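Please open the structure in your viewer and keep a selection tool at hand. The tour below goes from stop to stop, saying at each one what to select and what is there.

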Amino acid sequence: MNTDKVKSLAMNDNGFIFDPASGYSYSANETGLFILKLLSSGLGKDEVVAKLTEEYEVREDDCSSDLEHYFLMLETLDLIER
């Protein structure tokens, strides 16, 4: 997975996200922001799932499924490439 675009996003702790390459801005909830920060630090899907199940009370298979949907959204927004 290519997360180079995620690494260039400007993010604040309130969930405001700005993409300087496109000029678009986004908002994310606490979990979405957590995922984006993990991706920007270079973690892959399995590592993100591990961090999410550690941080939140969620089963690994549910987390993996939900994360897959989040990745699809990020792909649609052209923020990641798989």
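Contact, a word used at several stops, means heavy atoms within 4.5 Å. Helices (H or I, at least four residues) and strands (E, at least two) are DSSP runs, numbered from the N terminus. This is a predicted model, in which local features need pLDDT of at least 70 and side-chain atom pairs count only at pLDDT 80 or more, while totals for chains, interfaces and linings use all residues. Residues are numbered from 1 along each chain as its sequence is written, and side-chain values use heavy atoms, with hydrogens and water left out.

**Helices H3 and H4**

Begin by selecting Lys45, Val48, Val49, Leu52 and Thr53 in H3, which meet Glu60, Cys63, Ser64, Leu67, Glu68 and Phe71 in H4. Two packed helices are described by the angle between their axes and the distance between the axes. Axes here are lines fitted to C-alpha atoms, for helices over the stretch in contact, and angles run from 0 to 180 degrees between N-to-C directions. The axes of H3 and H4 come within 10 Å and cross at roughly 125 degrees. That angle makes H3 oblique to H4, given that angles under 35 degrees count as roughly parallel, over 145 as roughly antiparallel, 65 to 115 as roughly perpendicular and the rest as oblique.

**Helix H2**

Next, select H2 and H4 together: they pack at an angle of about 75 degrees, with their axes 12 Å apart. This makes H2 roughly perpendicular to H4. To see the contact, show Gly32, Ile35, Leu36 and Leu39 of H2 with Leu67, Tyr70, Phe71 and Leu74 of H4.

Now look at the N-terminal end of H2, which is capped by Asn29, with a side-chain oxygen 3.2 Å from the backbone nitrogen of Thr31. Just after H2, select Gly42, which takes a positive phi of about 100 degrees.

**An aromatic pair**

Rings of Phe, Tyr and Trp (its six-membered ring) pair if their centres lie within 6.5 Å; planes under 30 degrees apart count as stacked, over 60 as edge-to-face and the rest as tilted. By this rule the count comes to one aromatic pair. Select Phe34 and Tyr56, whose rings are edge-to-face, 5.9 Å centre to centre and with 85 degrees between the planes. Phe34 lies in helix H2 (residues 30-40) and Tyr56 in the loop between helix H3 (45-55) and helix H4 (60-76), so the pair ties together parts that are 22 residues apart in sequence. Phe34, at 24% relative accessibility, counts as partly exposed, and Tyr56 counts as partly exposed at 23%.

**Towards the ends of the chain**

Move to Thr3, in the segment before H1, which counts as buried at 9% relative accessibility. Leaving aside residues up to four places away in sequence, Thr3 touches Leu39 and Ile80.

Finish at Asp78, found in the segment after H4. Is Asp78 buried or partly exposed? With a relative accessible area of 40%, Asp78 is partly exposed, and this residue has a positive phi of about 60 degrees although it is not a glycine.

Conventions. Buried < 20%, exposed > 50% of the residue type's maximum accessible area, 1.4 Å probe, protein only. Polar contact = N/O pair within 3.5 Å; in protein donor to acceptor, adjacent residues only side chain to side chain.
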